[in-house]
Amino acid sequence: MRKLLLPSLIIIASILLLIRLFYLQVINDSFKLKSENNAIKIQYDYPERGYIYDRSGKLLVANQPSYDIMVIPREIKNIDTLEFCKLLNITKEDFIKTMIKATIYSPRLPSVFLPQLNKMEYAAFQEKIRKFEGFYIQKRSLRDYQVNFGANIFGFITQVNEKLVAKNPYYNSGDLIGRQGVEESYEDFLRGIKGVKYIQKDKYNREIGSYKNGKFDTIAVQGEDINLTIDLELQKYGEELMINKRGGIVAIEPSTGEILALVTAPSYDPAILVGRQRSKNYTKLYNDSVSKPLYDRGLLAEYPPGSPFKILTGLIALQEGVVDEQTPFYCRNGFSYARGRFMKCHCPGGAVQLHNGIYNSCNTYFASVYMKTINKYAKPAEGVDVWSNHLKSFGLGQFMGYDLPTGRKGNAPSSKTYKKIYPNGGWRSTAIVSNAIGQGEVLMTPIQLANMMAAVANRGYYYTPHIIKKIEGETIDKKFTTKHVTTIDKKHFEPVVNGLFDVYNLGTASALRVEGIDICGKTGTAENYTKINGKRVKLQDHSIFVAFAPKDNPKIAIVVFVENGYWGSRWAGPITSLMIEKYLKKKITRVDLEKRMLEGSLQSEYQKYTKRSIDSLLKIKPVIKFQDTTSEEKAED
């Protein structure tokens, strides 16, 4: 047997090898195609990208034809370089530089020589293309925006880089790809599938027809159309209200998690990132490090949430059983929580319970219940971790899982946070009490604040915020239809909602009411510090407002954040009321508020800081921080 084993293995291996060779050489032509690649020209047919519509089916983004001049360096023979450069209005230096780059990429594979010719340039070159062997025209499609807003939502189209070409076999040099926004998130659906034609050449490098009668050719498949959750009119209105201001607006439908509006200000017309001037315009936007038009504040900006955070402070205290809605605390224009430590308060004072604590935004009340929550446990570290876990159940301190390619986690402090701050220990609830009123180490992005309000509007649950509503022929990811239940019992939400409702009736937003709409909201003011020439400098406060409406069966939850906007009801509050009325009524009755917001500008406020020390502001990232002894709540908050 042993003598037969080795010969048997050799015979079996030989048979398998022969079968494989027969398959590759006789049955499967794909390797033959590759072996003959030098005599075959591969020509791609690029499909149109899928169209983008809003939630009601209104067209937002379409396509327009574009023409790229492609080059295969090895095939260039005896061309008149000066005529070529004159025809395309480029310099000889540009020609040489581009040719070197194309040759380095590949002497025998096509790459883009000059992208995105307009129709006149295309016609002029097409007429004389026979003179320039080695060059040909590749038709593609560019985006054609039907609106001049929503740039942060759409993203833009750009050429792939060499690193991606090496990593992903689908892309070739010169191919276009979506970057940022839904163009990036849904690239695989929007891009479609390229068609391929294999063209046979003779020994003189002349095209003689389709290879194998087109056996291997494929037809281009257009990209899938998508519908966004965005309401076109609401998005447009939000961007108009934020002209001459900096900040963001995020509006969500509580019952679904669908994003109704995602505004960042300042923004730009998406059309400027289309065509030959795209790179130049992008560079200008990128280098604007003062107003940061490419910075999506709704998703990326991490701010201390200020007074809106008191909503969570109250809910957690109720859940932990340290107070009920009738538990009183006495406010004497502030809260003395340790020797020499005093937190100011601008509420009317006197006995404060949950209800009037919310609509009067009493620092004393929420600082007291926060300390009770932490002190319920034997060790402050344990209390903070319980509190932190409640926050995380609302989506704080973590990436939310929405379908846009950018975002930040914010910060929901835990015992680990304070072990780093106080490595020797010894910290207690008094050291971290500023968390109670949305100060301290708490950071939230605007979309997290909007999602928090959606959870409150739903009385204890939310759906992951998302911007996709429908993809033609596809099913939406199940994670967007999965209910996330918070750690707070449903019964605790109603008294808090009643307090938020009276913010508009009795409290800090009483001047912002809209007739016929029951709005629940909360004002907020975030103090703003930065470093200029190494010194910590106080800048103008940020204006915040969160709300949902109607009170029962809510249709919209919203946050508005206006940088350097003084206090909550000065800028963010009016914009919130207008956005809610626009969405629910499709018209505006508070024309007084609308006029003030549309005509109002904070440019003079922003100019102060530019004049103060532009060099320092450009180099140092702003630090937005609160102090314990702040007058965080203005008279209006």
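In this predicted model, Lys310, Thr313, Gly314, Ile316, Ala317 and Glu320 of helix H13 make contact with Asn363, Phe366, Val369, Tyr370 and Thr373 of helix H15. Sorted by class, the residues of this contact comprise five nonpolar, four polar and two charged. The axes of H13 and H15, the latter helix spanning residues 363–375, lie 9 Å apart and are set at an angle of about 45 degrees, which makes H13 oblique to H15. The handedness of the crossing of H13 and H15 is left-handed.

H13, which covers residues 310–320, also packs against helix H18, residues 446–457, and here the two axes come within 11 Å and cross at roughly 45 degrees. H13 and H18 are therefore oblique to each other, and H13 passes H18 in a left-handed crossing. On the H13 side the contact is made by Ile311, Leu312 and Leu315, which meet Met452, Met453 and Val456 of H18. The residues of the contact between H13 and H18 are six nonpolar, with no polar and no charged ones.

A further partner of H13 is helix H19, residues 493–505, whose axis is 10 Å from that of H13, at an angle of about 150 degrees. Since an angle over 145 degrees counts as roughly antiparallel, H13 and H19 are described as roughly antiparallel to each other. H13 passes H19 in a right-handed crossing. Ile311, Leu315 and Leu318 of H13 meet Phe493, Pro495, Val496 and Leu500 of H19, and the contact of H13 with H19 is made up of seven nonpolar residues, with no polar and no charged ones.

Rolling a probe the size of a water molecule over the atoms shows where empty space is left. How many cavities of 30 Å³ or more does a search of the whole structure find? The search finds three, and the largest cavity holds about 170 Å³ of space. Its lining is formed by Tyr46, Pro47, Arg49, Arg140, Ser141, Tyr170, Tyr171, Asp175, Leu176, Glu187, Arg191 and Lys194, which by class are five nonpolar, one polar and six charged.

The second largest cavity contains about 50 Å³ and is lined by Gln116, Leu142, Arg143, Ile157, Thr158, Leu176, Leu273, Val274, Gly275 and Arg278. Strand S5 (135–145) and strand S6 (156–159) each contribute at least two residues to the lining of the second largest cavity. By class, this lining has five nonpolar, three polar and two charged residues. Leu176 lines the largest cavity and also lines the second largest cavity.

Some details of the backbone remain. Most residues other than glycine have a negative phi, and most peptide bonds are trans. The peptide bond from Ala265 to Pro266, however, is cis, with omega near 0 degrees, and Pro266 is placed in the loop between strand S12 (258–265) and helix H11 (278–287). The peptide bond from Ala549 to Pro550 is likewise cis, with omega near -15 degrees; Pro550 belongs to the loop between strand S21 (535–549) and strand S22 (556–562). Lys292, although not a glycine, has a positive phi of about 50 degrees, and this residue sits in the loop between H11 and helix H12 (297–300).

Conventions: Residues numbered from 1 in each chain as written. Predicted model: local features only at pLDDT ≥ 70, side-chain atom pairs only at ≥ 80, totals over all residues. Heavy atoms only, no water. 1 Å grid on protein atoms, 1.4 Å probe; cavity = no way out; pocket = protein on both sides within 12 Å on 5 of 7 lines; lining within 4 Å. Points joined across faces, edges and corners; volume = space filled by probe spheres on them. Nonpolar A, V, L, I, M, F, W, Y, C, P; charged D, E, K, R; others polar. Helix = DSSP H or I, 4+ residues; strand = E, 2+ residues; numbered from the N terminus. Axes fitted to C-alpha atoms, helices over the stretch in contact; angles between N-to-C directions. Parallel < 35°, antiparallel > 145°, perpendicular 65-115°, else oblique. Left-handed = near helix turned anticlockwise from the far one by under 90°. Contact = heavy atoms within 4.5 Å.
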